Amino acid sequence: MDINGRSLPETVLLSIRGRKARKANATPRKRVDGAEMVVASYNVHKCIGTDRRFDPERTARVIREIGPDVIALQEADNRFGDRAGLLDLARIEHETGLVPVPISGNGKGHGWRGNVLLFKRGTVRNVHQIKLPGLEPRGALVAEIDLDETRTLRVIAAHLGLLRRSRSEQARVVLDIMSSQDERPTLLLGDLNEWRLGNRSALKTLHTTFATPPAVPTFPSGLPVLALDRIMANRHGMVSSVEAHDTPLSRVASDHLPLTAFVSL
């Protein structure tokens, strides 16, 4: 297996070295100059940790650790049956100030096909629930949030498929969303399920619109090797300091580590 131009053993060794370096130099993250928001993407794996325990409160504690202004969650609903939501969103709002972007017609579910978007400040202007093509039931949640009287941020929260062909088709749908809207600042957050870079990537079409920061491994959480989760923006310099939120709690709470970044508007 070749990952980002390296063999799997090389990638694992680099991941081990990187984790040791982060532990040795562990200090609280400082907001970079000009950054206005902390954003994150987190596949919560239906609140089932690597210890196989279902523990929504543990998932909520990871979110509190991050302290985001905007966070996109994937797999936050049951996949089958009534697709009920798994988190206590009212408690999360009380403890963090994060409120869910409203959706329609999803019964007991928190989000749109498992995608939940939470934000701390601003007013939601528009919400679009997009069905993505492919064999699996995948979707994207598109929200336009008025941050204040003059600025609006568009956020696309997505969970792409496991099949490469599906991911290519889904990436083109995301680009269609962009081409049909004005060029306001836009973030793409989510588990995009693609670790390849360059021409081998199923997401290469996104690079025409979205600036691509360095890929950061987030999966599997115990020893992250694959950069499945991404934070991207349609403007260069808008996203900075992209990191995996790698803590003792996050390593066990899900099979993905959360991905975080600073955003400057």
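## A strand covered on both faces

Put another way, 5 of the 5 residues in β11 (229-233) are buried. Keep in mind that this is a predicted model.

Who sits beside this strand? β10 and β11 are joined by 5 bridges and run antiparallel.

A search of the whole structure turns up 1 cavity of 30 Å³ or more, and the largest cavity has a volume of about 40 Å³.

Which residues line the largest cavity? They are P213, P214, A215, V216, D229, R230, I231, V242 and L259. The largest share of that lining, 3 residues, comes from β11.

Next up is α4, with 16 residues. From its first C-alpha to its last it reaches 23 Å, close to the 22 Å expected at 1.5 Å a residue.

Leaving aside residues up to four places away in sequence, E183 touches M178, N234 and R235. E183 and R235 are 52 residues apart along the chain, with 9.5 Å between their C-alpha atoms.

## The six-stranded sheet

Over to an open sheet of 6 strands. Its order is β5-β6-β4-β3-β13-β12, and the pairing is mixed. β5 (99-100) and β12 (239-244) stand at the edges with a single partner strand each, so one side of each has no neighbour in the sheet. As a reminder, strands of a sheet pair through backbone hydrogen bonds, either parallel or antiparallel.

Which way do β3 and β13 run relative to each other, parallel or antiparallel? Strand β3 (residues 37-43) and strand β13 (residues 259-263) run antiparallel, joined by 5 bridges. Within that pairing, V38 has F262 in β13 as its bridge partner.

A helix goes with this sheet too. Helix α2 (residues 56-66) lies across β3, β4 (70-74) and β13, and runs at about 155 degrees to β3.

Conventions: Residues numbered from 1 in each chain as written. Predicted model: local features only at pLDDT ≥ 70, side-chain atom pairs only at ≥ 80, totals over all residues. Heavy atoms only, no water. Pairing = 2+ DSSP bridges. Helix = DSSP H or I, 4+ residues; strand = E, 2+ residues; numbered from the N terminus. Contact = heavy atoms within 4.5 Å. Axes fitted to C-alpha atoms, helices over the stretch in contact; angles between N-to-C directions. Buried < 20%, exposed > 50% of the residue type's maximum accessible area, 1.4 Å probe, protein only. Expected span 1.5 Å × (residues − 1). 1 Å grid on protein atoms, 1.4 Å probe; cavity = no way out; pocket = protein on both sides within 12 Å on 5 of 7 lines; lining within 4 Å. Points joined across faces, edges and corners; volume = space filled by probe spheres on them.
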